[in-house]
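Open the model in your viewer and keep the selection panel at hand. The tour below goes from one selection to the next and says what is found at each stop.

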Amino acid sequence: MTPDTQVAAGAARGTRMARRPLIAGNWKLWGTRTQAAEYCERLPGLLPDDPPADVAVCAPFTALELCVQKLHGAGVAVYAQNMHQEPTGAFTGEVSAEMLTELSVEGVVLGHSERRLYNCETDRALQDKVPRALEAGLQPILCVGESEDERERGETERKLRNQVQEGLERVADDRLESVVVAYEPIWAIGTGKVATPEIAQDAVAFIRALVGDRSREAAERVRILYGGSVKPDNAAEILAQPDVDGALVGGASLDPKGLAEIVAAAGR
Ligand code: PGA
């Protein structure tokens, strides 16, 4: 951390109470309409009464409308896993922010490492996607994180700095607090190799400090999640870290009981 980011990190700490955790289940390439319907019928009954966190499921495009209908009034938001930055045009296979809000989708995952790796998602496109999602009234979750090689070479902070600064570059200072950032170390995604609570806390605090370089107030309010092999049995320890405001959960979220247990862990 630079001296400036250290000061900003210090200023932002200790205010976790003001930030309501978010637990988002990322289904990735899972969820036919039949599977999604069954899932959405089971999830609400498994969630704790008065959940200690906001809850969202990030479903494939084809299941979004059904999930919105099934989860209506259940206190579970439906998010998409990607969107295009343009409202319309010659972009075959893409979906716009308006197409999502028309379905009452409430948020969208942007810049997931799998999309960066397999679908040429770039920081440049994210510079447009993040503010576009906010303008449309969608909750963006901007994903950032280093690879195993980058961590071993001591380049974690450089990578996070680039991704966070670029992804948030075109978001006005007074809108920064409305973005959710997810720290997802690539080496922990789908590998069962969860980051230690200390690694998660340090990286998330660093990201908060980067937001603090733009706006102190935003740093205190912005929610920063951890993602990567979060399971019911390791969630409480990670979610107890002072700067970690929730989790983006892949594999374990495919079982609604698993997601519900992780939601409950946010209150412990
Ligand atoms: P995982 O995925 O929980 O299966 O590691 C997390 C994610 O990619 O969001």
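Begin with helix 2, where Ala-36, Ala-37, Tyr-39, Cys-40 and Leu-43 are buried. The model is a predicted one, so read each stop as a description of a prediction. Select residues 33-46 to see the whole of helix 2, which has 14 residues. From its first C-alpha to its last, helix 2 reaches 20 Å, close to the 20 Å expected at 1.5 Å a residue. Now show what lies over the buried residues of helix 2: the cover includes strand 2 (54-58), helix 3 (61-70), strand 3 (76-80) and helix 12 (256-265).

Next, select Asp-50, in the loop between helix 2 and strand 2. Is Asp-50 buried or exposed? Its relative accessibility is 73%, so Asp-50 counts as exposed, the cut-off being over 50%. Look at its backbone as well: phi of Asp-50 is near 50°, a positive value in a residue other than glycine. Most residues other than glycine have a negative phi.

Select Ser-104, between helix 4 (97-101) and strand 4 (107-110). Ser-104 is not a glycine, yet its phi is positive, at about 65°. With 46% relative accessibility, Ser-104 counts as partly exposed.

Now turn to the ligand. How many residues surround the ligand? There are 13, and the closest are Lys-28, His-112, Glu-184, Gly-190 and Ser-229. Colour this shell by class and you will find 4 nonpolar, 7 polar and 2 charged residues.

- From Lys-28, a polar side-chain atom lies 2.7 Å from an oxygen atom of the ligand.
- From Gly-190, a polar backbone atom is 2.6 Å from an oxygen atom of the ligand.
- From Gly-251, a polar backbone atom is 2.8 Å from an oxygen atom of the ligand.

The side chain of Asn-26 reaches the backbone nitrogen of Lys-28 at 3.1 Å. Asn-26 itself lies in strand 1, which covers residues 22-26. With a relative accessible area of 5%, Asn-26 is under the 20% cut-off and therefore buried. To see what is around Asn-26, leave out residues up to four places away in sequence and select the ones it touches: Cys-58, Gln-81, His-112, Leu-248, Val-249, Gly-250 and Ser-253. Of these contacts of Asn-26, His-112 is one to pick out, as His-112 is also among the residues closest to the ligand.

The next stop is helix 6, residues 123-136. Its 14 residues should span 20 Å at 1.5 Å a residue, and its end C-alpha atoms are 20 Å apart, which agrees. Helix 6 is mostly covered, with 10 of its 14 residues buried. Select the buried residues by number: Asp-123, Ala-125, Leu-126, Gln-127, Lys-129, Val-130, Pro-131, Arg-132, Ala-133 and Leu-134. Which elements lie over the buried residues of helix 6? They include helix 4, strand 4, helix 5 (113-118), strand 5 (139-144) and helix 8 (156-168).

Lys-129 has a relative accessible area of 4%, so it is buried. Its side chain makes a polar contact of 3.0 Å with the side chain of Asn-82. Leaving out residues up to four places away in sequence, Lys-129 touches Asn-82, Met-83, His-84, Gln-85, Leu-110 and Glu-121. Then step just past the end of helix 6 to Gly-137, which takes a positive phi of about 90°.

The last stop is Val-211, in helix 9 (residues 197-214). Val-211 is buried, with a relative accessible area of 2%. Beyond its neighbours within four places in sequence, Val-211 is in contact with Leu-168, Leu-176, Ala-218, Ala-219 and Val-222. Finally, draw a line from the C-alpha of Val-211 to that of Gly-111: the two residues are 100 apart in sequence and 17 Å apart in space.

How values were computed
Residues are numbered from 1 along each chain as its sequence is written. This is a predicted model: local features need pLDDT of at least 70, side-chain atom pairs count only at pLDDT 80 or more; totals for chains, interfaces and linings use all residues. Side-chain values use heavy atoms; hydrogens and water are left out. A residue is near a molecule or strand if one of its heavy atoms lies within 4 Å of it. A polar contact is a pair of N or O atoms within 3.5 Å; within protein, one must be able to donate a hydrogen and the other to accept it, and residues adjacent in sequence count only if both atoms are side-chain atoms. Ala, Val, Leu, Ile, Met, Phe, Trp, Tyr, Cys and Pro count as nonpolar, Asp, Glu, Lys and Arg as charged, and the others, Gly among them, as polar. Helices (H or I, at least four residues) and strands (E, at least two) are DSSP runs, numbered from the N terminus. Buried means under 20% relative accessible area, exposed over 50%, partly exposed in between (1.4 Å probe, protein chains only). Contact means heavy atoms within 4.5 Å. The expected span of a helix is 1.5 Å times one less than its number of residues.
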